[in-house]
Amino acid sequence: MQYMSLVDKFRRIFMRRGRAIILAYDHGIEHGPTDFMDNEKSADPAYIIDIAVKLGFDGLVLQRGLAEKYYGGQIPLILKLNGKTSLYPGEPISVANCTVEEAISLGASAVGYTIYAGSGLEYKMFEELSRIKKDAVKFDVPLVVWSYPRGSKVKDEQSPEVVAYAARIALELGADAMKIKYTGDPKTFSWAVKVAGKVPVLMSGGPKTKTDEEFLKQVEGVIMAGGSGIAVGRNVWQRTDPFAIGESIKRIVYPREG
């Protein structure tokens, strides 16, 4: 079946060691340049790509403008097709600014799309995702779904019930891999992994934690729960020494290499 072949293709490209560490860098449009102030070098996309390459991570997430100007095939690319700013005050919505075909022309090995289930505008994102899935199948490229329930009806988007719901939504809408929030402990996150079925589950790294140890404990929990890895940004490149925490993450995700 085509669907399963795309899941397998994601695993073959991004999980060559059985799990995946993806360096995410789609934050400039989502949060603005304030995210780069903790480590001003992180404002330079070339610096981010260099981190991912030197650490031997499995993939990189970029928006189209960064891929056009900085990406040179150094590492497998997930091109994020949609994005929103933090300036819009209404119900969460994120619509595409790039097509699957354009993403492939920029060197993407997979495409990514965020959905905000629970938003009053979720139907628009679901409709657009269905068209993107059709193109992903047509062009034989895996679709990674950022599944983040959010909106006036969602009181706690990291509660175990909401995260598990997010995982199931991504599965049923056709994700070939998914990025979801961490529930806070391995037991409850394992339920989210289970209801995701055969789709690889990556934890969203989220805001930079106060200490390295706090974030590394989350990574350990994901692996204990049966997760497929992490898609992390700020908890690496906002650190003064991103290479040190990157190596610590690798020792957890790839224990056989330690």
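This is a predicted model: local features need pLDDT of at least 70, side-chain atom pairs count only at pLDDT 80 or more; totals for chains, interfaces and linings use all residues.
Biologist: Which residues of α3 and α11 meet?

Modeller: On the α3 side they are Tyr 47, Ile 51, Lys 54 and Leu 55, and on the α11 side Pro 242, Phe 243, Gly 246, Glu 247 and Lys 250. By class, 5 residues of this contact are nonpolar, 1 is polar and 3 are charged.

Biologist: At what angle do α9 and α11 cross?

Modeller: The axes of α9 and α11 cross at roughly 25° and come within 9 Å. That angle makes α9 roughly parallel to α11, since angles under 35 degrees count as such. The handedness of this crossing is right-handed. From α9, the residues that meet α11 are Asp 212, Phe 215, Leu 216, Val 219, Glu 220 and Ile 223. Their partners in α11 are Ile 245, Ser 248, Ile 249, Ile 252 and Val 253. This contact of α9 with α11 comprises 8 nonpolar, 1 polar and 2 charged residues.

Biologist: Why do residues three or four places apart point the same way in an α-helix?

Modeller: The general idea is that an α-helix has 3.6 residues a turn, so residues at that spacing point the same way. In the present case, Phe 215, Val 219 and Ile 223 of α9 are among the residues that meet α11.

Biologist: Which residues of α9 are buried?

Modeller: The buried residues of α9 are Phe 215, Leu 216, Gln 218, Val 219, Gly 221, Val 222 and Ile 223. They pack against several elements: α8 (186–195), β9 (201–204), β10 (229–232), α10 (234–237) and α11 (242–253).

Biologist: How many residues does α9 have, and how far does the helix reach?

Modeller: A helix can be judged by comparing its end-to-end reach with the expected span. Helix α9 (residues 212–224) has 13 residues and reaches 18 Å from first C-alpha to last, close to the 18 Å expected at 1.5 Å a residue. Just after α9, Gly 226 has a positive phi of about 95°.

Biologist: How do α7 and α8 lie to each other?

Modeller: Again the angle is read before the contact. Helix α7 (residues 160–173) packs with α8 at about 15°, and their axes are 8 Å apart. The two helices are therefore roughly parallel to each other, and their crossing is right-handed. The α7 side of the contact consists of Pro 160, Val 163, Ala 164, Ala 167, Arg 168 and Leu 171, while α8 supplies Thr 188, Phe 189, Trp 191, Ala 192 and Val 195. Of these residues, 9 are nonpolar, 1 is polar and 1 is charged.

Biologist: Is Leu 143 buried or exposed?

Modeller: Burial is read from the relative accessible area, with under 20% counting as buried. Leu 143, in strand β7 (residues 143–147), is buried, because its relative accessible area is 0%. Beyond residues up to four places away in sequence, Leu 143 touches Val 111, Tyr 113, Leu 129, Ile 132, Lys 133, Ala 136, Gly 174, Ala 175, Asp 176 and Ala 177.

Biologist: Where is Lys 84 found?

Modeller: Lys 84 lies in the loop between β4 (82–83) and β5 (95–96). Apart from neighbours within four places in sequence, Lys 84 is in contact with Ile 29, Glu 30, Ile 93, Ser 94 and Tyr 116.

Methods. Residues are numbered from 1 along each chain as its sequence is written. Side-chain values use heavy atoms; hydrogens and water are left out. Helices (H or I, at least four residues) and strands (E, at least two) are DSSP runs, numbered from the N terminus. The expected span of a helix is 1.5 Å times one less than its number of residues. Buried means under 20% relative accessible area, exposed over 50%, partly exposed in between (1.4 Å probe, protein chains only). Contact means heavy atoms within 4.5 Å. Axes are lines fitted to C-alpha atoms, for helices over the stretch in contact, and angles run from 0 to 180 degrees between N-to-C directions. Angles under 35 degrees count as roughly parallel, over 145 as roughly antiparallel, 65 to 115 as roughly perpendicular and the rest as oblique. A crossing is left-handed if the near helix is turned anticlockwise from the far one by less than a right angle, and right-handed if clockwise. Ala, Val, Leu, Ile, Met, Phe, Trp, Tyr, Cys and Pro count as nonpolar, Asp, Glu, Lys and Arg as charged, and the others, Gly among them, as polar.
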